[in-house]
Amino acid sequence: MTALAALARLPLFLALLMVTCACASEADWDTFKQQFTEGGRVVDTGQSGISHSEGQGYAMLFAVHYGDRATFDQLWQWTARNLQVRDDALLAWRWDKAKGVTDRNNASDGDLLVAWALVRAGVKWQSQELTAAGRRIAQDVRRKLVKKVAHGLVLVPGLEGFDKKEGMTVNLSYWVFPAFPEIARADPAPEWDELAATGIAMLQYSRFGRWGLPPDWLKLGERVTPGGNPPERFGYDAVRIPVHLLWARRETEALMRPYKAFWGQFEGAKALPSFTNLGDDSVDTHGAGQGIRSVAQAVADHPRARPDRLPALARGESYYSSVLLLLVKQALRERGAG
């Protein structure tokens with residue numbers, strides 16, 4: 001039995017431990033709600049106030065983590081009513097306050113996050129209805145977005161626009177490693193284990209630039225190369241990868257080395273870069289917010305990283321920076337609890 005399969009068969013009381021954290025400070029969550037939630041929707045202040053499936057999924061995960069059932073129900077009801085409008089269980093990824101859904105294509109990271117949050121909520125609050133809703137989304141992710149290629153099973157970022165004749169484009173930060181064993185409890189299928197294994201394997205050879213970092217987008221053509229729109233970067237997407245590795249306890253010294261090397265290069269500098277161009281090794285000169293700085297600190301402190309060493313969420317921080325801060329704190333709490 002693989003490690004992921006074993007985790008998927010943990011007893012219920014251990015599953016509950018993974019979604020309960022009495023030590024979590026509610027101040028960060030209160031600040032996040034005040035800054036970014038509006039009647040059950042999460043407002044992305046960095047993208048003209050739109051809402052998206054990723055944001056809904058993150059906030060739902062936080063609500064479960066902080067034991068906030070009322071907010072969770074609001075978030076899920078808004079998500080189901082406004083984003084679950086396709087002919088499957090997947091979510092339209094983009095919603096605008098003035099126009100409603102402006103892109104019906106899905107984003108598989110958002111789908112996974114929402115499914116994971118629902119499965120966790122179903123365990124925490126003993127709701128078969130929530131578990132079933134998470135299972136439906138997970139099953140459609142597995143059936144429609146998990147594809148077999150030469151590298152193994154991969155996660156297609158969305159149903160439209162990523163699988164082309166010249167190769168498939170993937171995003172390794174969409175591999176939410178800690179979600180897979182919990183989703184597999186609700187949707188027992190070997191694909192979740194194989195998907196995780198492929199993701200770990202791809203991280204070992206998807207290394208570019210001076211620091212050997214994974215790109216935000218990866219093209220699986222005749223060669224494995226950075227993909228997406230130029231310039232190809234390690235940046236706002238791929239910064240989530242070390243968090244997922246730590247959270248799932250899938251990190252190794254070799255997997256963590258690129259992140260330690262990159263951010264360690266700027267130890268003591270006035271500003272930490274948010275990204276690096278993998279083509280010419282240039283870096284962002286504006287400086288990272290609380291979220292990326294917190295990820296970098298957790299990487300630097302590993303294996304002794306602790307959430308209480310990270311700052312409280314500051315008012316005025318952007319949506320995504322705030323998400324990253326809360327995410328890395330939750331990952332470290334659950335890692336410690338586990």
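Colleague: Which helix is Gln330 found in?
Modeller: Gln330 sits in helix α13, which covers residues 319-337. Keep in mind that this is a predicted model.

Colleague: Okay, and is Gln330 buried or exposed?
Modeller: Gln330 is buried, because its relative accessibility is 1% and the cut-off for buried is under 20%.

Colleague: What does Gln330 touch, leaving out residues up to four places away in sequence?
Modeller: With those left out, Gln330 is in contact with Leu61, Phe62, His65, Arg120 and Trp247.

Colleague: Nice. New topic: how many cavities of 30 Å³ or more are there?
Modeller: The count is one cavity of 30 Å³ or more. The largest cavity holds about 40 Å³ of space.

Colleague: How does anyone find empty space like that?
Modeller: A probe the size of a water molecule is rolled over the atoms, and that shows where empty space is left.

Colleague: Which residues line the largest cavity?
Modeller: Its lining is made up of Leu203, Ser206, Arg207, Gly212, Pro214, Leu255, Pro258 and Tyr259. Sorted by class, that lining has five nonpolar, two polar and one charged residues.

Colleague: And which helix gives the most to that lining?
Modeller: That would be helix α11, residues 253-264, which contributes three residues to the lining of the largest cavity.

Colleague: Where do Pro231 and Pro303 lie?
Modeller: Pro231 is in the loop between β11 (224-226) and β12 (233-234). Pro303 belongs to the loop between α12 (290-301) and α13.

Colleague: Last topic: which residues have a positive phi without being glycine?
Modeller: Ser48 is one of them, with phi at about 60°. Asp281 is another, with phi near 65°.

Colleague: Where is Ser48, and is it buried or exposed?
Modeller: You'll find Ser48 in the loop between β2 (41-42) and β3 (51-52). Ser48 counts as exposed because its relative accessible area is 73%, and exposed means over 50%.

Colleague: What about Asp281?
Modeller: Asp281 lies in the loop between β13 (276-277) and α12. Its relative accessible area is 29%, so Asp281 is partly exposed.

Technical notes: Residues are numbered from 1 along each chain as its sequence is written. This is a predicted model: local features need pLDDT of at least 70, side-chain atom pairs count only at pLDDT 80 or more; totals for chains, interfaces and linings use all residues. Side-chain values use heavy atoms; hydrogens and water are left out. On a 1 Å grid over the protein atoms alone, a cavity is a set of points where a 1.4 Å probe fits but cannot get out, and a pocket is an open set with protein on both sides within 12 Å along at least five of seven lines; lining residues have an atom within 4 Å of a point. Grid points are joined across faces, edges and corners, and a volume is the space filled by probe spheres set on the points. Helices (H or I, at least four residues) and strands (E, at least two) are DSSP runs, numbered from the N terminus. Ala, Val, Leu, Ile, Met, Phe, Trp, Tyr, Cys and Pro count as nonpolar, Asp, Glu, Lys and Arg as charged, and the others, Gly among them, as polar. Buried means under 20% relative accessible area, exposed over 50%, partly exposed in between (1.4 Å probe, protein chains only). Contact means heavy atoms within 4.5 Å.
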